[in-house]
Amino acid sequence: MTTPTTTLPSGDELPVVGCGTWDIAGETVQESVRAALDAGYTHIDTAEGYMNEEAVGEAIADHDVDREDLFVTSKVLPKNLGYESLIGACEDSLEKLGTDYLDLYLIHWPNPAISLRESLQAMATLEEEGLVRNVGVSNFSAYQLSCAHHVSPVDIAVNQIEFHPWFQRPDLVDYCRETDTTIEAAAPLARTEIFEDEVVNELADSYDKSPAQIVLRWAIERDVVPLPKSSSPDHVRENLDVLEWELDEEDRERLDERERDQPVYDTPAREWTGDVYGISQ
């Protein structure tokens, strides 16, 4: 089975579903990535802040897959968005992943204490040097993304955001569409909370699919790239079985109507002095 792709501004092809690795590490993430590669995933998503890049890289290296056939993403922490820090963080990620380049490198969160222009200039340098093929952002609002597009010397290819039936963000989605910014869904299953939704469960029974498959298929049909993660190899394989069937229009609309404006992680509160932002008073 070949995973469909969406074309980025560079011409590179981004597989429409990826293997997320948030909150899993060590042998657990290695088992997850191995299961994903065995199942036919070609899109692996990790981050400096996940503290698992080395394990992810080892799992990829252990598998008989050509690097050119994979699409590997990582992200830089907000505390490392200064020019030199960002370059160094990327080099560290490449070393841990055991690869010469990243297919996509994202600013993991915006950091209001560091110049966005400076961060994106560093991204441009990485792209010019061939260490990064595509540049993007993550958890940016429409306002922040607009600013990024305005000052960036390179295309902003992707905005990875929280997106699921309970948190559909229409204004942000519309702006991404207007600017040809591909949307990736972090927490596409609302960190499993969406499994409690009665409509999701009704549709799962109707289609003889899992609740996760229903929600992931819905995201794909909304032209959003979901990045489900699981520590269960069985669930990893199951999450890719969303490519060869479709939701009826009425059922897709029922999921559209589940909007609650209810995030599971992208909330206003931030721990500014913690390890992610590292902003001292």
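With which side chain does the side chain of Thr181 make a polar contact, and at what distance?

Modeller: The partner is Thr179: the two side chains make a polar contact of 2.9 Å. A polar contact is a pair of N or O atoms within 3.5 Å; within protein, one must be able to donate a hydrogen and the other to accept it, and residues adjacent in sequence count only if both atoms are side-chain atoms. The model is predicted: local features need pLDDT of at least 70, side-chain atom pairs count only at pLDDT 80 or more, and totals for chains, interfaces and linings use all residues. Residues are numbered from 1 along each chain as its sequence is written, and side-chain values use heavy atoms, with hydrogens and water left out.

Thr181 sits in the loop that runs between α6 (170-178) and β9 (182-186); helices (H or I, at least four residues) and strands (E, at least two) are DSSP runs numbered from the N terminus. Not counting residues up to four places away in sequence, Thr181 touches Leu145, His149, Ile156, Ala157, Val158, Asn159 and Cys176, where contact means heavy atoms within 4.5 Å.

Asn139, in the loop between β7 (135-138) and α5 (142-151), is buried, at 6% relative accessible area. Asn139 is not a glycine, yet its phi is positive, about 60°. Lys229 belongs to the loop between β10 (225-226) and α9 (233-240) and is partly exposed, at 31%. Its C-alpha lies 5.9 Å from that of Cys19, although 210 residues separate Lys229 and Cys19 in sequence. Leaving out residues up to four places away in sequence, Lys229 touches Gly20, Thr21, Trp22, Asp23 and Ile24.

Next, helix α7 (residues 198-207). Asp197 caps its N-terminal end, with a side-chain oxygen 2.9 Å from the backbone nitrogen of Val199. The buried residues of α7 are Val199, Val200, Leu203, Ala204 and Tyr207. These residues span an arc of only 140° around the axis, which puts them on the same side of α7; the arc is that of the directions from the helix axis to the C-beta atoms. Glu198 and Asp205 are exposed on the other side of α7. The cover over the buried residues of α7 includes α8 (211-221) and α10 (249-256).

What follows α7 is Asp208, which lies in the loop between α7 and α8. Asp208 has a positive phi of about 55° although it is not a glycine. At 69% relative accessibility, Asp208 counts as exposed.

The axes of α7 and α8 are 8 Å apart, and the helices pack at an angle of about 100°. Axes are lines fitted to C-alpha atoms, for helices over the stretch in contact, and angles run from 0 to 180 degrees between N-to-C directions. Helices α7 and α8 are therefore roughly perpendicular to each other (65 to 115 degrees; under 35 is roughly parallel, over 145 roughly antiparallel, and the rest oblique). From α7, Val200, Asn201, Leu203, Ala204 and Tyr207 meet Pro211, Ile214 and Val215 of α8. By class, this contact of α7 with α8 has seven nonpolar residues, one polar and no charged; Ala, Val, Leu, Ile, Met, Phe, Trp, Tyr, Cys and Pro count as nonpolar, Asp, Glu, Lys and Arg as charged, and the others, Gly among them, as polar.

Helix α8 also holds Glu221, which counts as buried at 18%. A 2.8 Å polar contact joins its side chain to that of Arg217, and the side chain of Glu221 also reaches the backbone nitrogen of Leu247 at 2.9 Å. Apart from neighbours within four places in sequence, Glu221 is in contact with Trp245, Glu246, Leu247 and Arg252.

One more helix pair remains. The axes of α2 (residues 53-62) and α3 (residues 83-97) come within 7 Å and cross at roughly 40°. That makes α2 oblique to α3. On the α2 side, Glu53, Glu54, Val56 and Gly57 meet Ser93, Lys96 and Leu97 of α3. The contact of α2 with α3 divides into two nonpolar, two polar and three charged residues.

Definitions and conventions. Buried < 20%, exposed > 50% of the residue type's maximum accessible area, 1.4 Å probe, protein only.
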